[in-house]
Amino acid sequence: MANAIGSLAMDAVEKAKSGHPGLPMGAADIATVLFTRFLKFDPADPAWPDRDRFVLSAGHGSMLLYSLLYLLGYEGVTIEEIRRFRQLGSITPGHPEHGHTPGVETTTGPLGQGLANAVGMAIAKRHLAAVFGEDIVDHWTFVLASDGDLMEGISQEAIALAGHLRLKKLIVLYDDNAISIDGPTLLADSVDQVKRFESAGWAAVRIDGHDPAAIAAAIEAAKRSDGPALIACRTTIGFGAPNKGGTEKSHGSPLGPDEIAAARQKLCWSAPPFEIPTDIRERWVAAGEANKPARLAWEKRLAAIAADKRAAFERRIRGEIVDALVPAVTSLKQKLAQEPKEIATRAASELALDVLTAALPEMVGGSADLTGSNNTRAKGMKTLDASNYSGTFIHYGVREHGMAAAMNGMALHGGIVPYSGTFLVFSDYCWPAIRLAALMGQQVIHVMTHDSIRLDEDGPTHQPVEHLAELRAIPNLKVFRPCDAVETVECWQLALQSKHGPSVLALTWQNMPQLRRGFDEHNRCATGAYELIAADSGPPIVSLFASGSEVAVAVEARELLAARNISARVVSVPCFALLLALSEVERAAVIGTAKINVTVEAGIRQGWDAITGSDGTFVGMTGFGASAPYKDLYRHFGLTAEKMAEAALARLGKQEIHDRRMHDRQAPHATRAPGGYE
Ligand SMILES: Cc1ncc(C[n+]2csc(CCOP(=O)(O)OP(=O)(O)O)c2C)c(N)n1
């Protein structure tokens with residue numbers, strides 16, 4: 001049965017003329033034991049909530065997973081799709097993509113991420129089991145990880161967190177083949193992985209990964225562990241390939257016809273390419289059907305629990321938002337209309353979270369050791385830890401990489417809307433996972449505070465400058481930068497309603513005036529940008545665009561311009577992605593037709609031109625910040641209302657000269673209008 005996997009991998013990579021045959025051939029014995037004797041799943045219902053999760057963290061070995069899904073009878077994963085490995089439009093892309101192929105639990109390829117996703121899945125499982133009972137939430141998370149997965153730094157964060165949280169029912173099968181792309185791993189690594197895992201609180205053993213009895217015995221033993229478990233399976237990469245097996249030559253390129261013929265002979269596999277002997281195929285299909293009774297029994301158990309509990313569980317698994325969200329947001333906005341608050345947007349976010357987490361029990365929050373600064377712990381939240389998995393707040397430790405990837409795992413597991421906290425500048429440490437959340441269309445929400453150079457004397461290491469632009473560049477990610485308490489509440493609502501992609505809330509360290517006065521039941525941030533203050537009279541000459549803390553700067557600049565008889569409007573831009581998603585007509589209406597567009601943001605210019613055109617004037621940062629009291633910094637870097645007004649005036653002056661020249665050219669004898677702006 002294992003040779004069926006190996007042969008399909010060899011054949012598919014050969015046909016595609018690219019791919020990685022070594023891992024599927026080397027790990028075929030492990031996968032066969034796991035899928036035929038341990039894993040609980042039903043190909044007829046790949047989304048069965050109580051299935052065991054299998055994460056192929058080493059995504060380059062995707063043919064291992066595709067072979068399994070085909071052999072086990074997952075609908076749509078046909079032999080034609082195996083033949084179309086890596087081709088446009090196939091469901092067998094180079095690396096496994098969640099949502100693209102049934103049975104693929106997460107998108108893997110960037111090494112280490114899958115392992116950290118699995119830790120999140122295991123957290124989700126323990127949490128939901130504590131909330132809804134083991135009767136309906138009782139499954140395992142298995143990971144196949146490679147040398148590369150364990151070399152990546154993110155693995156350390158994931159392993160440490162899993163060990164600390166005593167995540168029983170998480171088993172990592174390590175494909176310990178001691179080969180990576182450059183050659184033997186000894187070229188770059190001499191870690192004793194068993195000791196490493198043990199020191200993080202895992203049970204860990206080393207076995208022969210080609211001995212089915214040893215693999216089965218190790219899984220049995222790991223299942224008895226009271227924490228997470230590692231099984232280091234010593235394997236031969238490209239197992240069966242007589243010349244290239246055991247070397248990096250089988251890692252990431254087709255074996256070639258001669259080596260494939262020799263491997264077939266060595267493995268006693270005489271079936272032609274892409275053909276599986278009937279008796280072997282039947283045994284695989286039978287393995288795929290083995291858990292149907294378990295699934296049906298689970299459905300009965302689910303039907304038997306109290307109706308309200310069942311409804312809550314089903315709603316959360318479907319990822320449906322509660323009806324209570326809109327009333328909760330409305331009442332908070334009403335309160336803010338009655339009693340405006342001059343608070344930091346991170347503090348406004350905490351106010352929002354107090355209300356939202358009470359209404360949405362699926363929200364599981366946390367922070368990477370900046371809880372008090374990120375304000376992500378809402379009233380009444382209990383800590384989720386090894387003594388209480390029903391808690392909803394996770395102290396992730398100083399582990400942004402691991403946190404963001406674990407959050408993806410929680411979202412993928414289902415039943416949880418994870419949100420986190422760190423400083424915006426450390427979004428760099430979350431970036432790979434945020435990108436994958438966007439690629440997979442998963443709802444995770446990152447609260448990122450201290451969102452500009454305005455954060456007191458911490459200096460340029462802590463001052464985000466390029467980060468908003470970086471994050472806005474990720475497709476399918478919404479970056480929200482609210483300007484005050486009301487916008488913060490609205491942005492939270494939008495993030496919670498964005499079910500098919502991640503969001504980042506960039507929030508201020510410092511207090512912000514409440515610019516939104518009065519009550520408006522509409523979520524004005526929903527269009528990504530909107531006119532916050534119209535021009536005093538007639539059509540505006542200047543449009544001032546800003547996000548977050550700089551909206552207040554734009555409001556002041558508007559007054560300075562008004563004092564010189566120049567009418568200006570202020571447009572708040574809390575979310576580029578939503579603005580750019582509007583129709584051209586709607587977008588044009590928001591952007592307006594003022595002569596001059598001036599934008600301000602305490603970050604780099606990149607991205608703003610898409611809104612105001614490349615001839616707009618930008619006031620912002622062109623380099624890194626500095627260490628000083630924040631008021632000095634704003635003056636030093638020119639992020640002031642005066643500078644903004646000056647920029648508008650300078651632009652108007654140039655425009656005026658240009659207009660006059662054009663006018664003179666067209667009507668040389670006309671008298672010049674006196675004027676210029678005061
Ligand atoms: C973050 C990241 N860096 C680099 C790569 C490119 N890459 C793909 S596989 C691999 C290493 C392969 O070694 P191993 O993990 O032992 O896999 P095996 O050789 O056993 O298939 C590398 C560096 C990657 N996929 N992800």
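How much space lies in the second largest pocket?

Reply: About 390 Å³ of space lies in the second largest pocket. Its lining has 19 residues, and those closest to the centre are Arg454, Val553, Glu556, Tyr634 and Leu639. A pocket here is an open set of points on a 1 Å grid over the protein atoms alone, with protein on both sides within 12 Å along at least five of seven lines; a lining residue has an atom within 4 Å of a point. The volume is the space filled by probe spheres set on the points, which are joined across faces, edges and corners.

This is a predicted model, in which local features need pLDDT of at least 70 and side-chain atom pairs need 80 or more, while totals for chains, interfaces and linings use all residues. Numbering runs from 1 along each chain as its sequence is written, and side-chain values use heavy atoms, without hydrogens and water.

Helices (H or I, at least four residues) and strands (E, at least two) are DSSP runs, numbered from the N terminus. By class, this lining holds 10 nonpolar, 3 polar and 6 charged residues. Asp, Glu, Lys and Arg count as charged; Ala, Val, Leu, Ile, Met, Phe, Trp, Tyr, Cys and Pro as nonpolar; the others, Gly among them, as polar.

Now the largest pocket. Its volume is about 680 Å³. Of its 32 lining residues, His98, Ile317, Ala411, Leu412 and Gln442 lie nearest the centre. Helix H13 (307-318) and helix H17 (400-413) each give at least two residues to this lining. The lining of the largest pocket divides into 11 nonpolar, 13 polar and 8 charged residues.

In a cavity, a 1.4 Å probe fits but cannot get out. The whole structure has 4 cavities of 30 Å³ or more. The largest cavity has about 110 Å³. It is lined by 14 residues, with Phe41, Asp52, Tyr74, Gly103 and Glu105 closest to its centre. That lining splits into 8 nonpolar, 1 polar and 5 charged residues. The second largest cavity holds about 50 Å³. Lys333, Val486, Arg516, Gly518, Phe519 and Asp520 line it.

Then the ligand. A polar side-chain atom of Ser146 lies 2.6 Å from a ligand oxygen. A polar backbone atom of Gly148 is 2.7 Å from an oxygen atom of the ligand. For a backbone N or O atom of Ile179, the distance to a ligand oxygen is 2.8 Å. On its own the ligand has 580 Å² of accessible area (Shrake-Rupley, 1.4 Å probe), and the protein covers 74% of it.

The chain has 26 helices and 20 strands. Its radius of gyration is 29 Å, close to the 26 Å that the globule rule gives for 678 residues, so the chain is as compact as a globular protein of that length. The radius is taken over C-alpha atoms, and the rule is 2.2 Å times the number of residues to the power 0.38. The C-alpha trace spans about 95 × 60 × 45 Å along its principal axes.

Key
Polar contact = N/O pair within 3.5 Å; in protein donor to acceptor, adjacent residues only side chain to side chain.
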